[in-house]
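My entries follow in the order in which I settled them.

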Amino acid sequence: MYAMRKHYVKNWDHTPDEERFEVEVTRGGKPDRDIQPERIASIEEESMYWRKANHIHAWFVDNVQDGNDDCKEYFVACDQLRELFAVCETVIQSSNLVEGDVYAGTVCDKDHPEGKVQRRPGKVIEDATVAAKLLPTRSGFFFGPTEYDEYYLDDVVRTRDWAGQMITQCENGTPGDIVYSSSW
């Protein structure tokens, strides 16, 4: 799962000098002659990466992708980032971690061909009612665990922090569009 910032850097004949971009691509410290910098139209910067944060992915599918879970790129508007920030903040404020058992993996062997869930001591959200309502987990192929535990909350905190940075950059006029995509 990725959030990318796409920057349009194409220089046109009518582009004023103070607005022109200069892009240099090097390999091994030397200019890469196979890439012609004057032909580069845009660059992408990875601004966030998630792994198996199915609850965050579900939010993007439901709120940015119009319910289409199709691994395409979708533009994320500043207002959507504000919504995501607020949802994450509410979940964080309502999530009290307590001692419990957390998912540690599933073992498949001859004695457990369907798989046996492994657990270990960890922290779980004491009352996940708000989390389940605002950022529900979603099961699926390669989607990771669907429990409301310390790992779930870590992804929410990371997402809130990232969304806050993106909102600040948006308000400060940082150029580039934020897009979200996933690959399953």
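**Entry 1: S95**

I began with S95, which counts as buried at 12% relative accessibility; buried means under 20% relative accessible area, exposed over 50%, and partly exposed in between, with a 1.4 Å probe and protein chains only. The model is predicted, so I took local features only at pLDDT of at least 70 and side-chain atom pairs only at pLDDT 80 or more, while totals for chains, interfaces and linings use all residues. Residues are numbered from 1 along each chain as its sequence is written, and side-chain values use heavy atoms, with hydrogens and water left out.

I found S95 in the loop between α2 (78-93) and β6 (97-109). Helices (H or I, at least four residues) and strands (E, at least two) are DSSP runs, numbered from the N terminus. A polar atom of the S95 side chain lies 2.6 Å from the backbone oxygen of V91. I list this as a polar contact, that is, a pair of N or O atoms within 3.5 Å; within protein, one must be able to donate a hydrogen and the other to accept it, and residues adjacent in sequence count only if both atoms are side-chain atoms. With neighbours within four places in sequence left aside, S95 is in contact with I125 and L153, contact being heavy atoms within 4.5 Å.

**Entry 2: H55**

Is H55 buried or exposed? H55 is buried, with a relative accessible area of 3%. Its side chain reaches the backbone oxygen of Y152 at 3.2 Å. Not counting residues up to four places away in sequence, H55 touches L135, P136, T137, Y152, D155 and V156.

**Entry 3: the sheet**

I then traced an open sheet of four strands in the order β4-β1-β8-β5, with antiparallel pairing. Two strands pair if DSSP finds at least two bridges between them. β4 and β5 (74-76) stand at the edges with a single partner strand each, so one side of each has no neighbour in the sheet. From one strand to the next the twist averages 35 degrees; axes are lines fitted to C-alpha atoms, for helices over the stretch in contact, and angles run from 0 to 180 degrees between N-to-C directions.

I followed M4 to both sides: its bridge partner is E46 in β4 and V179 in β8. R5 stands opposite I178 in β8. I note that side chains in a regular strand alternate between the two faces of the sheet.

**Entry 4: the cysteines**

How many disulfides does the structure hold? I found one, taking a disulfide as a pair of cysteine sulfur atoms within 2.5 Å. C78 and C170 form it, with their sulfur atoms 1.5 Å apart. The link is right-handed, with 105 degrees about the S-S bond. C78 lies in helix α2 and C170 in helix α4 (residues 150-171), so the pair ties together parts 92 residues apart in sequence. C170 is partly exposed at 33% relative accessible area.

C88 is buried, with a relative accessible area of 0%, whereas C71 is partly exposed at 35%.
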